[in-house]
Every structure is written in C-alpha cells, then in structure tokens.
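Trainee: I am new to this structure. Please show me how to read its features one by one.

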Amino acid sequence: MKSLTALACLLAGSLALAQAPPRREVPKPGVCPLPILPALPAATDTSFYANTNVPHGTLEKVSYKNYAGADKRMHIYLPPDYAKNPSAKYPVLYLNHGGGDDDSKWSNTDPKSGGHAHLILDNLIAAGKAKPMIIVMPHTRCSVPTPPVPGTDDACTQEYLKDIIPYVESHYRARPGRESRALAGLSMGGFVVMNTGLPHLDTFSELYVYSSGYFPEQQKAFEENFQQLLKDPKTNDLFRVPFYMGQGETDIALKNGQGVMAVINKYAIRNFWVLSTGGHEWMNWRRYLHQTAQIMFPDCTQPQVALGARRAPVLKSDGLQFKDLNRNGKLDRYEDWRLPAQQRAADLITQMTSEEKAGLMIHSSLAGFTGPGGVVLDAPPPPRPGAAPGFAPPRREGVAPMDRPTPNELILNRNVRWILLRPNATEPPEITARFNNGLQELAEGSRLGIPLALSTDPRHAVSRNPAAPPPNISQWPDQLGLAATGEPGLVYQSARTAAQELRALGLSVTLSPMADVVTEPRWNRIAGTFGEDAATVSSLVRAYIAGMQGNALTPESVLCVTKHFPGDGPVKEGLDPHNDFGKWQIYPGNHFDHHLIPFRAAFESGTGGIMPGYAIPQGYDTVGMNFSKVIVGDMLRGKFAYQGLVVTDWLRNMPWGVESLSEKERQLRMVQAGVDQIGGDNDPKYILESVKDGTLTAARLDESARRVLKPMFELGLFDNPYVDPERAKAVVASKPMMDAGAAAQRKSVVVLKNGKSLLPAAPGRKLYVENINKEKAAAYGTLVDDPKQADLAIIAVNAPFETHKGGASFFPGAKEGTLAYAGADNAAELAKIRQLTASGTPVVVAMFMDRPAVLTEFIDQAAAVLAHFNVSDAALLDVIFGNAAATGKLPLDLPRDMESVRKQKEDVPHDLDNPLFKTGFGITYPARAR
C-alpha cells in the first residue's frame, strides 16, 4: 500500500503537471479549524478509539437520543486547548463512509434502522459543542455505476431532495459571508451530490464529493452530463472536489480520480483536496480517519512563528518567543500568536485609549517622504527642478482643506494605522521595502506597538509610455483585459502573483477589485472592471479574491477591499461621480439589484473589506452612498449581514447630499451608517470630538476597532510586519512574474476584424508603424517611412473620448463623453487612420479600448482591427504576427453609433440597439508554427 503522504504527493504532482487551476491550500501548522466527528456503526463499538493513535487533540464522548428515542453516543474530535476556550463553539465536520443501518443514515425514518443524523448535530449545538456553520450530510449506500444525469430523479437524488434540502433550507440556510454556511457532501456514490447540490448552490455554499472517480470509459459521459453545470460561472469557488482515494484499490482509484480531475480542471473549478485513504473496507476508512483529518487540518501543535522585532522586547514563555509590544514584561493575550485573532483583538481593545481607537478609523494616504536608500523622512524633500506638480484635487466650498502630516505625526501622534502608499513610479522594490520597514518600526515604538496595514491601489497596469523606465513590478492587462481572456484561472494567477509581490514589498491591503458591472458605456472607469456580464464579473471577482486572500487571511494574504458597493456602473450619462456634475447614479431600467450580483460573490468569497461608491443612488437615498444608512446600514450590514471592514472612498471633496453639514457631522453620519474607516483623511480629531460629546458611543468605537484589528492579526502584522529588501528585489518584477503578465497580455487581445485572413501576418515584410515602438516592430520586418511603400501598416490608437469642459473636474484628464471620433478630443486619430487606409496598403488598427468605441467610422476601410485593454506593443505585435494565438473575447458590447448609446438605459446591461459587436465576440486563430 502506498502511504497517505505518498498518495497525496503523487496526486498533487500529477495535477501540477496537468496545469490544474488553483486548489485550496492546506492550512499551515498551528491552524486548528474544525473538529472531526466520526460515526460509529454501533454504540458498543469502541475498538476504533481504542486502537487509533490520536497524535493531537482529544476524543470526547457525546450522548444523544436518536430518532427512535434510544440513548446513543458518539465521539467528537476536539483540537488542543478546546477546554480553555469555552466560548468557541467549534463547527462540526461529520464524516461517514455511507452505508449501513446506523445513526449516520440521514433520511431513514424507521426507528429500527437508526435515525436522522441531523438530531446528532442539533444535540451538539444545544450542548454548546458546535454551531450550525458547516454540515456534511452523509448518504446511505447508493450504487452509481455511471455518472448521473443532472435533473434526473434517480433513487439517490430523491433521497436528498425529499428530506435534506428542506431541512437545510429551514435550519441552516446559508447567508453571505463565512460565519454561517451549509455544506453538502457525499461518500459512496460520489457525484450524486453534483446532481442534487449544484441546483441548490444558494443553499449549499460549498460542495464536497468523496469518490474514487469513474473508470476511463465513463469519464466522457461524466463530462457530457455535467458540462453545463461546470461551465456555469457561479459554480466556480462554490464547488470543492476532494477525491476519496480508496487505499484498498489505490492504483485504480488514483488513475480514475486523476482522469475525472483532468476533466474538471478544464473548466477552471478551483480548490481540490485529497481527502482520504483506507479503501472501501469500513474499518479501514475509520482507522485512517484521523490521518484524513491531518491532511485537511494539520497537526495543531504550534511551532514558533517567525517574529520581527525592532523596538519591542522579546518574551519567552513555554519555550516559545513572543513580542512584548506594550513592554510590560508579561505575555498579554494580544501578544500571544497562539490565540485566535478575535481573542487577540478583544484583549487589545481593552488596553486602548479612545485616541488610539479613533486612529484605527482613519485610512490615510502618504507620499513624498522617501529619502535616500528608503529612509523615512520627517519632512518631504523639495521638488526636483522641472518636476511636474503633484495631484491636487479641486477646492470645494464648504470642504476644509487637509494638512500634510509627517509619518511621525501621522503614526505616533494621530495613531493612524492604515495608510495608502503612493510610491514614485520608478522606485526600486528594495527601496519601497526599506521605507515600509521604517514606517513599521515607527509604529512598533508606539505605546502598544500596534503595526501598520499598508495599502495600495492596483499598480500592475502596463505603462505604454515609450520613455518610461523598466517596470518595477509585473505588468498585466487592466481588469477589463483579464475579463477578455475569459479565464478565471488566469485572474487567480494574476492576483496571486500580485499578492506575492505586494507582500514582498510590505503591503498587505489592496483597494480592489472593482466588482462594478458596466451598464453605461460612457463611464470613464470601465477599464478597471470585469465588464458587462454580471455572471462573468462574479466568477472573476471570486477568482481575484481567492488569489489575493487565499481561503482565509494569513501572513501570505493581501486583504481585498472590494468596490464600489452597491455598484458604480449606472452613473448618469457616464459622468464621473468624483465631480459634482456627475454625482448621480440612476436606475431608469429598475435594475438596481442586478448590480448587487458580483457583490454577493465577493461576500461569499470572504472579501476582507467593502468600499461603497461616491454617487447618490437616485430613488434610494438623497446622499452619497458612504453617508447613507439605507445603503451601508440597512443593505450592506442588514440585508447582506456583512460584518467585515467598510472603508469609504477618498471622498473628502465629494460630500454629495451633505454639503450643508460640517466635516465632523459628515464623518459622524458615515460612522453611524456603518462605516469603519474614513478613506483619504489623515486626522481622527472629528471622530474624537464626537466621542467626547457623546454623539458617538464607546461601544460603537469598539465595534469598528474589532473589525479593523481582526484582519491585522490574521495577516500576521502584529508578529512580523517587516520584509527583506533583498527578497523584494529578487521577487518583485522577477522574470517568471513578468513572463506570466506578458502571456496574459497576449491572451487579452481581441481581434474584431480580419479581412481576407490577413492575420496572422507573415514576418519579414516591409512595415510602416505609427504609435508603435519601432525597435520592437523592427523584429518583425523592415521598417519604412512611407506607408505606400509598405506591405503592411500598423497604427495604434486610443478609443474616442472627451474631457469635461465645465466645472472643477477631480480628474482633469478623465475620458468621458462621446464614443465616436466625431466631436472627440482625439478626432485627429481618425484622420490618421483614414490617411493610412487611403494609401492602398492594408492597415491594421490596434485600439486601446479603455471604454467601448464606435468603430463604424473606419472599420470598413481597415484591413484588420484589434481591441486591447492596456497591453505592451510587444504583446500586440506577437498577436498580429502570430507569435501568440488570438484568443481574446469582448467583455462588453460595442455600439454601432452614438444614437444607440444615448438611448440605452444607464443601469441595464446589453441594451444597445443593434450593437456592432456583442459581448463574447472575438476572431481566433492559432499561433504561427515556428
């Protein structure tokens, strides 16, 4: 027999070779998430417990009454220190092999045969041993010789539907978030759970299938039967498939399981675990149950975590080391990395002053204090001669200007702990790392040693400036380009890569992703979204959050602040809500709820934070969303029961609907609505004033402090907030990461026209290029200065746009207005296209489509047209000349004319009259053979 470890390694290796989509990571040692409740076939059978070595934790006998009223007992596995944490109601994972007339049988109502397994769970909940968080529903022995057909009422399906679904609906209904969820699972019979569970994904927020797989001749039927379910975007991240590998028939089970896994991998379904070994023999299954548990939940003995201490002394206790952050010479609970984050946060809050708690409620920005070698300056250096002035938002009447505190003032005097960093675009990674370490050292020297959570806006976009220095971080398409690839696995890879780079730099929070659905084609922030299809947006939001955060926040995670709740897409006439002339979101098609769909996915994926939008939601409230109790309080906190962090956008200059209030009153209104952090501010003085005058209670202050501190503990910041600058230099923008980003760029390019199959173009011909890097283009042919002498002309252009001409614009260069070149600020680009097409040389137009565009002004004259969503010239040329395949698909509709744009409703997707190209369109061709 192969060992359990060997089996797990073999399966993991085989999946890696198959380029499987990302799988659930095994929890690291020290994490003790779930106890295991094994089922006994008879109350008198204790041989399993007598003969099983339990290397960690304890087994505790639990008494209960079965369906017939008979006294029964089971044993529940409890992690170490369970008795020391009586307030922790551990969830229960119930594993059962499947067959037999025992108390695990769920739906048999015959008292002679045992009883309902849910009575066991109810008993444990009543006894305080569990909470209704996770249910694995056992199944009676059910032979499934071939893959079930979805929707068929076979015996197994009937058994689930008649009893289990209604019970879970009424008792354990899943809610958004991770605090209360139902889980469906199955042992013998394997994929029957797909037939019963997948149609009920709203009930079962996760599905597990225990199976040794299908024989090779059945795998085709399996794929055909479940293809539509596997292709459904909402299946991704909700569907877990840990394969039960029977050790009694290991080789067969392994081969069969790998085959089925390969089928599932094709659809980018994430998160797989090897669950078990032991064969189909009942006693073998039970004998290896604890080994199964250790694969899922590794040894709970807690090894020493790596500490980073520069100002705080180090304590020793129980042979382990801890940071004495408050320097009192004893181990406080918030300093004890062995304890759950919630307990550590609760202890720290009891030691904090109101000033320190209020500081947690400010999410500031910091830039310009980086000195030579990354040293933290206490005053910004003078601007370089000839340097462009920094960004300055327009002054608004009634908005008090903010000062610019130094890092010492911000961290030590104002107690601010969440800071958005805006580094110089050319700053080397090791300099960023040293600067961030310097900031953390300042924080560690404070009274309680509370570290910083350093955040960032997305910073992995491609720079198309030919004079720009080499990139200092990997470069990927915009969110819209990632959507054009149509690959959740690629979105996961991009986010995972970004997370690794950001953590290497010392950053642990990202103000992303945008979960907004594009329903107004004139909006200027479309490039930052995943497009127009809400189901696709939901799927990619899940993949993005999983890549950044993992399955839970850890020291390797980057916390996501998903934005802009409840959806920033339906802005009136596409105008930017940063500005008073664009401060409305409107719903003429009554599609408000449609924009919530991707946010449900974000909640289900455990997003660490949510950022509401700027605008006033017309018909729902008369104030901006961050000020709105309707949006934040009633909807986000109430309807969706969201208990994570809520951060406002950077809205000091956008007090829409509350212009008559003072800054203190505005901030109080936001906090009372349910906000935890004021984004873009730098002083907690207004919050403190509200605490002192009694309008903001101490309990409300503590509520936000808990939400702010808990993820900081989970991210490992209290134990080691420091990074190695040399590692940052080696990891960030490393060749593997740059190559991965470049490959994604190529996959995101969409071919919209390919007249006479011009593309892929043959290399080695005479080329004329405009707005394309000539050094790059020279690798594909001989460059000429006259398009009439060329065999092929290539021109790169931008989508048409206007900049707003009236009022103070927050982003003076924001691209708004018309989507056609006629009347656009960049109408000269159309003249260039027409000039080239008039030369008689075949012309390839490559448009940077940060918004949809009307292409009818030139598409008939161009030989080929490509759309891209911020990629390098090298990526464009590789697709044009066939070094890379053309695979991209449009993530949104393209209008035929501006009349259809003006007629469409801002909140309704896919409502253009007769669009030129629809979402999903894209001409494909393979890479040229070399």
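Mentor: Start with burial: buried means under 20% relative accessible area, exposed over 50%, and partly exposed in between, with a 1.4 Å probe and protein chains only. By that cut-off F603 counts as buried because its relative accessibility is 2%. This is a predicted model, in which local features need pLDDT of at least 70, side-chain atom pairs count only at pLDDT 80 or more, and totals for chains, interfaces and linings use all residues. Residues are numbered from 1 along each chain as its sequence is written, and side-chain values use heavy atoms, with hydrogens and water left out.

Trainee: How is a pair of aromatic rings described?

Mentor: By the distance of the centres and the angle of the planes. Rings of Phe, Tyr and Trp (its six-membered ring) pair if their centres lie within 6.5 Å; planes under 30 degrees apart count as stacked, over 60 as edge-to-face and the rest as tilted. The whole structure holds 15 aromatic pairs. One of them is F603 with F640, a tilted pair with 5.2 Å centre to centre and 45° between the planes.

Trainee: Which parts of the chain does that pair link?

Mentor: Helices (H or I, at least four residues) and strands (E, at least two) are DSSP runs, numbered from the N terminus. F603 is in helix 17 (residues 597-604), while F640 is in the loop between helix 18 (629-639) and strand 19, 37 residues apart. F640 is buried too, at a relative accessible area of 2%.

Trainee: Why is the pair of F713 and F718 stacked?

Mentor: Because the ring centres are 3.8 Å apart and the planes are at 10°. F713 is buried at 5% relative accessible area, and F718 is buried at 1%.

Trainee: What is the order of the strands in the open sheet?

Mentor: Two strands pair if DSSP finds at least two bridges between them. The open sheet has eight strands in the order 19-17-15-14-13-12-11-20, with parallel pairing. Strand 19 (645-646) and strand 20 (678-679) are the edge strands, each pairing on one side only.

Trainee: Is strand 11 largely enclosed or open, and what are its partners?

Mentor: Strand 11 (residues 362-366) has four of its five residues buried, so it is largely enclosed by the rest of the structure.
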